[in-house]
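Q: I would like to learn how to read salt bridges and helix faces from coordinates. Please take the features in turn.

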Amino acid sequence: MARRKMKHELISNESKRKVSFKKRKGGLLKKMNELTTLCGVMGCAIIYSTFDNRPEIWPSLPMLTRVLDKFIESPEEERERYTMNQKTFLGRHISWSSNALEREKKKNRGLEIQLTLNECLAGKSMQDLTCLEDMKELQLLLEENIKCFTDKIETMDLNYENENKK
């Protein structure tokens, strides 16, 4: 049975929030333990909570110190490659989303031109095409289709000639 999708927002009931925090914290620390053990990597976690006076440090303070020292001793360019502030993250996400949007716009435009071509071939009037850009795109699409048909015909002719020679 699949789990229901859960909204990620602050749990308003404080007792439920505390129970959820303890369960999820346990799961997080378990995953951290699995990651460090199975993959042989160094890792640490610092968890601040409104429910505890002191932060929880996993696995231990000496291990935390070693991991942070290793991070601080690494070259600055290497550190920055693996860290990201919110502004950088959002900038990358916006850039990726903008590129995806442009790709979809181009795809939709191609589909619109293809639909227009199909409507014209079905006998619909071409008077709706008043824009020069639309006409040029339609011309390019027609030329591509003609080239495709020409190539296919040439291939079929070669296959037919080869079969007749045998």
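Q: In which helix do Glu 112 and Arg 109 lie, and how many residues apart are they?

A: This is a predicted model, in which local features need pLDDT of at least 70, side-chain atom pairs count only at pLDDT 80 or more, and totals for chains, interfaces and linings use all residues. Residues are numbered from 1 along each chain as its sequence is written, and side-chain values use heavy atoms, with hydrogens and water left out. Helices are DSSP runs of H or I with at least four residues, strands are runs of E with at least two, and both are numbered from the N terminus. Glu 112 and Arg 109 both lie in helix α4, three residues apart, about one turn of the helix.

Q: What pairs the side chains of Glu 112 and Arg 109?

A: Side chains of opposite charge can pair when their charged atoms come close. The criterion for a salt bridge is a side-chain nitrogen of Lys or Arg within 4 Å of a carboxyl oxygen of Asp or Glu. Glu 112 and Arg 109 form one, with their closest N and O atoms 3.3 Å apart. The count by this rule is six salt bridges.

Q: Which residue in helix α5 pairs with Arg 109?

A: Glu 137 does, through a salt bridge of 3.2 Å, N to O. This pair links distant parts of the chain, 28 residues apart, with Glu 137 in helix α5 and Arg 109 in helix α4. Shared partners join Arg 109, Glu 112 and Glu 137 into one network of salt bridges.

Q: How is the accessibility of Arg 109 and Glu 112 classed?

A: Relative accessible area under 20% is buried, over 50% is exposed, and in between is partly exposed (1.4 Å probe, protein chains only). Arg 109 is partly exposed at 24%, and Glu 112 is partly exposed at 45%. Glu 137, at 22%, also counts as partly exposed.

Q: Which residues of α2 are buried, and where do they sit around the axis?

A: An arc is taken over the directions from the helix axis to the C-beta atoms. In α2 the buried residues are Met 63, Leu 64 and Val 67. They cover an arc of only 105° around the axis, so they are on the same side of α2. On the other side, Leu 61, Pro 62, Arg 66, Ile 72 and Glu 73 are exposed.

Q: What do the buried residues of α2 pack against?

A: Contact is counted for heavy atoms within 4.5 Å. The buried residues of α2 pack against β1 (45-47) and β2 (56-58).
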